[in-house]
Each structure stands twice: as structure tokens, then as C-alpha cells.
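Welcome! Please take a moment to look over the sequence and the structure shown here before reading on.

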Amino acid sequence: MAMKVKHAELTRWVRETADMVRPERVCWCEGGKVEYDTMMKKLLDAGSAIPLAKRPNSFLFRSDPSDVARVEDRTYVSTPLRVESGPTNNWIAPDELKTAMRALYNGCMAGRAMYVIPFSMGPIGSPIAKIGVEITDSPYVVCNMHIMTRVGKDVIRALGKDGEFIPCVHSIGAPLAPGQKDAPWPCAPIEKKYISHFPDENLIWSHGSGYGGNALLGKKCLSLRIASHMARREGWMAEHMLILRLTAPDGRRFHITAAFPSACGKTNLAMLQPAVRGWKCECIGDDICWMKIGPDGRLRAINPESGFFGVAPGTSRQSNPMAMDTVKENCIFTNCALTDDGDVWWEGMGPAPARGIDWKGKDWTPQAGHPGAHPNARFTAPAAQCPVICPDWQDPAGVPIDIFVFGGRRASVAPLVHEARNWDHGVFLGATAASETTAANLSAVGVLRRDPFAMKPFCGYNMGDYFQHWLNMGDRLGDRAPRMFYANWFRKSREGKWLWPGFGENSRVLKWMCERVAGKPGAVETPIGLVPGEGDLDLAGLTLPPDDLRELLCVDRQAWKAEIPDIERHFAQFGDRVPKRLTAQLDELRRRLG
Ligand code: SAT
Ligand code: MN
């Protein structure tokens, strides 16, 4: 880079890392279009990137079939004591893990360039933003980081001589011997993949994978696992949440965050086109939310990212027209199918092409008996291209949050929506959230698991302490605290049909939440919380059979009683780290269920 780096600690760490990984050369990234184009050209020349005739400046990549999603089994939160990382995280002692990884890192960038990417999570200079520096040997990662974060010279300038940065080391773990031909998607076998976090040192070490959250270290590794740990130490919140602004016909604005597990529709909800007349929705973020208490005592939220790394399958004109417009140009697609006329295609996008090439690069037809796109295929798109991006999405002060929504994907038990009775009850709802697993993680799909606050794979410390942190934040916020709700768009009838149309219609549920915040009665007490009474949801223009609505909102006491043992087991794994205020909530639920 033309610019001089004056940060002694940063240059020392870069030199030390280079000594270990021994690349052919070191390149500092300065951001900007020329750099992006140069990197993409390398990827084109290498045969890794496929240009798309139908989408300007857009490219398709196909990963190695073994490297298609986050690897939770190989993800570690390495605190000095095991109990500090807690039962939801894999743990290896820091010394032991570093020794194992140093052996893998030793010479791992042979024959490759080592890129140093200074990036900011959040608008540079925002009191809520943080700076990271990722070292990587993957040009694909450099391009994705350009879209997903703010990369370059301004970050180095902001760092100055001694600014705080979070060091992130990434290698695909595929050294090249002299003359060896490179693979289109080089990576290491599963037993050499490690996604490691050392929260006490704010340090990330990733090895062996080039995919998504395993490799774009600003995302889950920094913005959630490391940031959640920092947030507890520093008294703020780092959450797996979308952020949106809903504006009522009278102009009143509501800012909503929602925590749903990966691939449960956060991107769709964040870009919602409201079905309710006169309401407007604008997107601020689709995945991660950082919040600090502002000077007015309210929670202020920013989206630390600057792009969307969205699940492609299921995205269509019907489900998410705004995402479809966002991905028209300047995008990276990974593991989608390729059509003969040079476009990407995925299941659920619309009519299948008569023939094409599947995500593994093989000829494909709709009759092939397997999907053309991988279920965790992704688009990487600049947030600024979203037609409904909120004009204030980069406001360094953040937006004031009114509503927290928790939830997941559940075919039964959880009603369409219920409201927490108070903060402690809301924390209980978040702490016991359950969802059926998706293809976003490399393990069984469709299994029900408790995923508290959608943070199970992302909390960088003991989840019991995380629950306490939520309670502490509520104590500090007092009557300025956001209201809390639990939503489930995925309830099915006994015959297995979706009961709720979802997508733009979800605005009806959000409208009800806003009305609750604005002080409207409109809710009935049930043992699990407050649900909309008859006539409280605005269903104008929607034909929903009355029986379906009843089933959507019904609270089945027996089904909820049957949940109790599982919640007890869930809490028991955290031992005495479960806050007494949450076990008190469980006692109250038991009592209310009778
Ligand atoms: O692969 S990512 O972690 O970036 C996406 C996700 O799982 O939500
Ligand atoms: Mn996510």
C-alpha cells in the first residue's frame, strides 16, 4: 500500500504472522474498486470466478463440496478455563490449541500471497464501531470482505499509532509446492479445519476453510463471538439480529431488531414489503446488531456490516423482491447453479431452466434428482444497493431500538406471536428459544434445538453469564428498555401445511407489536405471555381461514407443559451460572400452566 502504516503493534503482528505462514509475498489492502477488480481478475485467470453475462460485474464461485457451510464442530472458544466458554462451545486450552494450529500454520501460505485487510465493523469513527485486521491467503475472501466490511486506508488512518484492533488470522490451509497447479477452491480436509477464538486476547485464528463465516472473519467470529465477549466486559450488546425501521402512516418510527437462527428468514424480514396499507419498512441490517446505551438512556443500534451474505435458495420476486433487486449487479454468488445464458439460478427463485450446470460444476436438469444450487448457496451483495436501505443505515450514532423479537423455525407449539410480560420474562423467552436446524451449519438439518437468542453457535463465553448480561442491561435501561416479543412464522397444521403466509404479511404482526409499544390494549393474557386477541391483528385484505388463525394463536397447555422438562435440561447444563431470575421465570411458567 502506498500509505505508511505507523502502528508498531500492527506491523509487528503482521511480520510475526508472515514469519510463521511464510507466503511468497505480503500485500496490504487499501480498499477501493481498482483493488477489487485486480483481485477478481486474478480469480478469473485462475478459473475460480465465472463471470455472469446477465449480471454486470458479478461472478459465480463453486466451493469444494466439503467446504459449504460453517463448521460448528470445529469451532472453538478457547478461554483459559473451560467453564468460561461454557457448555455450548467447543473448548481446547489456549496453549494446546495454539500449538496444534501453529503446526498447521507453519508454512501454510507457501506459494501464495498473504493479504492484510484493515477493516472497520460499523461506520469508521462511530462510538459503537470496532476495527479488525484480517490476514488471509484467499483472494476470494479479500473480495468478499470488500463488500461485507469497510476496507482500506481510512481504517489505517483511524487506527493511528496505537488504536485498538482485533487481529484475525485466516488461511485456507493449502500451501502450494513449486510448480503445483492450484485447485479452483483450495481448502483443507475437515480434520484440519479450525475456527478458533481467544476472547481474552481478542484474537481469531481460522484455518482450513474458505467458506462464509469460517473465512470472512469480520462476520460471526469478530462481530459475534469476540464482540459478545467484549460487550460483556464493556457493558454493551453484540447480537445475531436484523435491524429495521417501520414507519406508521402518521409518521411515527419504530426500530425493530429480531434474532432468528441462520437461514430462518432474517434477510427476508429485514427487507420486508409491508402488506399493511400505509406502513413503510426500511432495512438497516440483516444479520448482526451492535448496541450501546446512548446519551438519552436508550439502546442505540448499528449494523457493523456493509453487505449482505444472504442464503440464495428460496429468495425470489415473491419472497424477497428487494433482495432480488439488490443482487442485480456487483455481486458474488457462491454455490448457485449456472444457466446456459450466463445467469445464476437456485431452487425457489422461479421456473427452473431446462438445463444448466449445478453447484458442483456438472451438467444438470430439473429431473436430475438433486438440487442445482447447494441449500446453503449464498449471495454477497453491497447493502447500499438495497432499494429499501434506510437513509440512516450508516448513522454513527445508531438508531434507537423499540422492539426486540426472538424466535425460530418451529412447526408446532410456539404461536405466531406472543409478548413478554416484562424484561425478565423477555430474557426468559430469548433464553429458551428453540428452532429446527438448517443447512447453514454442516450437520443434521431439521432437528429441534434450543438456540438462545439465536446465539448458540456465536456466543463467545458461558451462555449462563450471557443470560445474566441481558438481565443487567435491562436493569440499566429501566423504563427505556425495548419491549420483547417471540415470533414463529413457521407453524404448520396437523396436515403439514403452513398456517401463516409469511413474507410481506409478517408486517401485520410487526404492526401489532408497534401498537403495543404505542400503548394500545389489544392483547390477551395466556400462561406463556400476551397474544393478540380476536380482531387485534390487522388482517385486512388477507384471506386466512378463521380456523387457521385460531390454531396460529392458540396456546396448547399440554404441549407447553411437555416443554418444561426440556427447558429444565437446557438450563441445567449451565449449572449455577443460570441466573436465579430465570429459574424464577420457569417456576412462574410452571405455575401458570397449572
Ligand atoms: O456462514 S455465515 O456464518 O456467514 C452465515 C450464517 O451461518 O448465518
Ligand atoms: Mn446469521
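Predicted model: local features only at pLDDT ≥ 70, side-chain atom pairs only at ≥ 80, totals over all residues.

Residues are numbered from 1 along each chain as its sequence is written, chains are lettered from A and ligands numbered from 1 in the order in which they are written, and side-chain values use heavy atoms, leaving out hydrogens and water.

- Lys220 belongs to helix H8 (residues 218–234), while His240 sits in the loop between E11 and E12, 20 residues apart. Helices (H or I, at least four residues) and strands (E, at least two) are DSSP runs, numbered from the N terminus.
- His240 counts as buried because its relative accessibility is 0%, and Lys220 is buried too, at 5%. Buried means under 20% relative accessible area, exposed over 50% and partly exposed in between (1.4 Å probe, protein chains only).
- The side chain of His240 makes polar contacts with the side chains of Lys266, at 3.2 Å, and Asp287, at 3.1 Å. A polar contact is a pair of N or O atoms within 3.5 Å; within protein, one must be able to donate a hydrogen and the other to accept it, and residues adjacent in sequence count only if both atoms are side-chain atoms.

**Ser319 in its loop**

- Ser319 lies in the loop between strand E17 (307–311) and helix H10 (321–326), and its 8% relative accessibility is why Ser319 counts as buried.
- The side chain of Ser319 has a polar atom 2.7 Å from the backbone oxygen of Gly314, and this side chain reaches the backbone nitrogen of Ser316 at 2.9 Å.

**Strand E10**

- Five of the five residues of strand E10 (residues 203–207) are buried, so the strand is largely enclosed by the rest of the structure.
- Leu203, Trp205 and His207 point one way from E10, and Ile204 and Ser206 point the other way.
- E10 runs parallel to strand E8 (residues 166–171), joined by four bridges, and pairs with strand E9 (residues 194–198) in the antiparallel sense over five bridges. Two strands pair if DSSP finds at least two bridges between them.
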